[in-house]
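Please look at the sequence and structure before reading on.

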Amino acid sequence: MLYGRSAEISAIDEVIARAGDGSGGAVVVRGEAGVGKTALLDAAAARGGAMRVLRATGVESESDLAFAALHQALWPAAGSLEALPEPQRDALRAALGLAAGSAGDRFLVGAAVLSLLAEAAEPDGLMCVVDDFQWVDRASADALLFAARRLGTERIAMVFAVRGDAPVKGVPLTVEVRGLAESAAAELLESRHGVLPAQVRRELVTLTGANPLALGEIAARLTPAQLAGREPLPDPLPVGARLFGDRVAGLSAAARRVALAAAVEADLGLVLRATERLSAEPPAGPGANAAPSGPGARAGAARVALAELERTGLAEVSGTSVRFAHPLIRSAVHEAATPAEVRRVHAVLAELTVDDRRAWHLAGAALGQDERVAAELVAAAQRARDRGGYGAAAAALARAAELTPEPGARAVRLKDAAVAAWLGGRPGQAESLLAEAREGAGGDTTLTMEVAQLRGRFELNSGNAAAAGTGAGRRAAGRGGVPVGDGRGQRSGRAGPGRRDGRTGRAGGQGVGDDRAAARRAGVRGDRRAHRRPAGAQPGRLRGGPGAGARGRVREHRGRAPGQPGGAGGAAGRGGAL
């Protein structure tokens, strides 16, 4: 139940109402942890009437897996993929793991997401609700925001909830969610704990900033004497993950194992299988209970432990995933576990997973530098880059560099991570990684020159001509090429923003000059200034064409013209998000 959120609900209702009338739009719900963003999203999802609802939640453990959140959001609508133009359909199927091959450039994937949302909006409209956007992987975030900025005349409303000041680029409407008004806070406390003395109520509101989560959790921990005002409140009050520390500590050992597995891997099947394997291990410490014997007994014990976790209200099973009631609970579970316990859970999950998930769990289980694990991450980075997930590739290469024992190979991987970060729209991260690569290059003059050339190219594309025009940077800018490696400590070919990957021949990024080609690949017509429509066509749609749906039309990318600020053109080449 919501308390005192009429202004916030009214703003969201307006976006939903406009979308129902054929004027789609997006809104960002922003606030600190525990302030009630998820409750507002739940209320919004229930207020769309006959509108279809697609939902996704950012998961911190999946934030480095390219297109993980997009898969979560679009999977229920995957049946409409066949209605998309062929280039878009192929790109999105590859991004979602439904087909082998490359997802192509980010324009194609973004245009495909917009088209699929438009198809899913028929006939009653669509709401796309994304919670914990700060943990959505960069590739998914780029594609979703690409669509959010181009809803035009579609009957689509998109709502993004984000914590703190994490950027949500290109969505101008923001609803700031702050602490409750004192009257609403009093109503919340009364609904759970009865009427409290005014002094106690005011002190709780002041000390918690009227944060609904903090109010409820702290009041639940107070003694009857403290609630009645006969004893002082705890000083300091528990905050952050400490709010849930006692509840996590009160779990049985089996339930804590389930919770820890869920904290590092949300998939229900993997959580249960990992818990079964962990339960088969000899108990640690004197007096510990013996592990259940036999696979059947262990499977049953894992489900009993999961049921206990659900009964406490700390987590719940949602479809095929285990979700914590609040992200701070996940933090509390991590804090309650020892580093060795966390590494062991990652090691078990690495045995149960493949490809990217296996690589990241191996990294989580690593103790010190390990070239074998680093190589797994490099392979994961290449797969992510093939799908257009440059942000995920940068994260994998940066972690691979941390695990690389040989200094020269480490510097090359840092340099490759910088290129991926730049192409993924993370210029700040790219510059930091490049600085680390320069420091680690040592006496390798060739690598030092490549790093200097990259820096010049980055500065030039960022508009800093003075910095680009110094030393090796000037020479690199003049040649227009930047060296890139394959992540294995080998340098091969030249690539960079708007150029081609010297090793694979695939496009490494999209510059302004690639816009019209990208539009053609996406099934969209365009000229220098804007995408044109055939005479008589409805706004935002093209008739006929490859991949047209049952209604004989395909969706057109709407937005500013290619190459203009905010359009598709040149975003990757400038280190910016789509």
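In helix 20, Pro407, Ala411, Leu414, Lys415, Ala417, Ala418, Ala421 and Trp422 meet Pro427, Gln429, Ala430, Leu433, Leu434, Glu436, Ala437 and Gly440 of helix 21. Contact here means heavy atoms within 4.5 Å. By class, this contact of helix 20 with helix 21 has 12 nonpolar, 2 polar and 2 charged residues. Ala, Val, Leu, Ile, Met, Phe, Trp, Tyr, Cys and Pro count as nonpolar, Asp, Glu, Lys and Arg as charged, and the others, Gly among them, as polar.

The model is predicted: local features need pLDDT of at least 70, side-chain atom pairs count only at pLDDT 80 or more, and totals for chains, interfaces and linings use all residues. Residues are numbered from 1 along each chain as its sequence is written, and side-chain values use heavy atoms, with hydrogens and water left out.

**Overall make-up**

The protein has 25 helices and 11 strands. Helices (H or I, at least four residues) and strands (E, at least two) are DSSP runs, numbered from the N terminus. Of its 578 residues, 52% count as buried. Buried means under 20% relative accessible area, exposed over 50%, and partly exposed in between (1.4 Å probe, protein chains only). Among contacts between residues at least 6 apart in sequence, 67% join residues at least 24 apart.

**Packed helices**

Two packed helices are described by the angle between their axes and the distance between the axes. The axes are lines fitted to C-alpha atoms, for helices over the stretch in contact, and the angles run from 0 to 180 degrees between N-to-C directions.

| Helix pair | Angle | Distance between axes |
|---|---|---|
| Helix 20 (residues 407-423) and helix 21 (residues 427-440) | about 160° | 8 Å |
| Helix 16 (residues 339-352) and helix 17 (residues 355-365) | about 150° | 7 Å |
| Helix 17 and helix 18 (residues 371-386) | about 145° | 9 Å |

Helix 20 and helix 21 are therefore roughly antiparallel to each other. Angles under 35 degrees count as roughly parallel, over 145 as roughly antiparallel, 65 to 115 as roughly perpendicular and the rest as oblique. The crossing of helix 20 and helix 21 is left-handed; a crossing is left-handed if the near helix is turned anticlockwise from the far one by less than a right angle, and right-handed if clockwise.

On the helix 16 side the contact involves Arg343, His346, Ala347, Leu349 and Ala350, which meet Arg358, His361, Leu362, Gly364 and Ala365 in helix 17. By class, this contact has 5 nonpolar, 3 polar and 2 charged residues.

Helix 17 and helix 18 have a left-handed crossing. Their contact is made by Asp355, Asp356, Arg358, Ala359, Trp360, Leu362 and Ala363 of helix 17 and by Arg372, Val373, Glu376, Leu377, Ala380 and Arg383 of helix 18. In this contact 7 residues are nonpolar, none is polar and 6 are charged.

Which residues of helix 17 are buried? They are Asp356, Ala359, Trp360, His361, Leu362 and Ala363. These buried residues pack against helix 12 (253-264), helix 16, helix 18 and helix 19 (390-403).

**Backbone features**

Most residues other than glycine have a negative phi, and most peptide bonds are trans. Asp355, placed in helix 17, has a positive phi, near 55°. Asp355 is partly exposed, with a relative accessible area of 46%. Asp132 also has a positive phi, near 50°, and is found in the loop between strand 3 and helix 6 (138-148). At 10% relative accessibility, Asp132 counts as buried.

A cis peptide bond, with omega about 0°, joins Glu122 and Pro123. Pro123 lies in the loop between helix 5 (106-120) and strand 3 (126-131).

**Two further residues**

Gln226 lies in helix 10 (residues 224-227) and counts as buried, at 12% relative accessibility. Leaving aside neighbours within four places in sequence, Gln226 is in contact with Val200, Glu231, Pro232, Leu233 and Pro234.

Ala11, in helix 1 (residues 6-20), is partly exposed, with a relative accessible area of 23%. The C-alpha atoms of Ala11 and Thr174 are separated by 9.1 Å, and the two are 163 residues apart along the chain.
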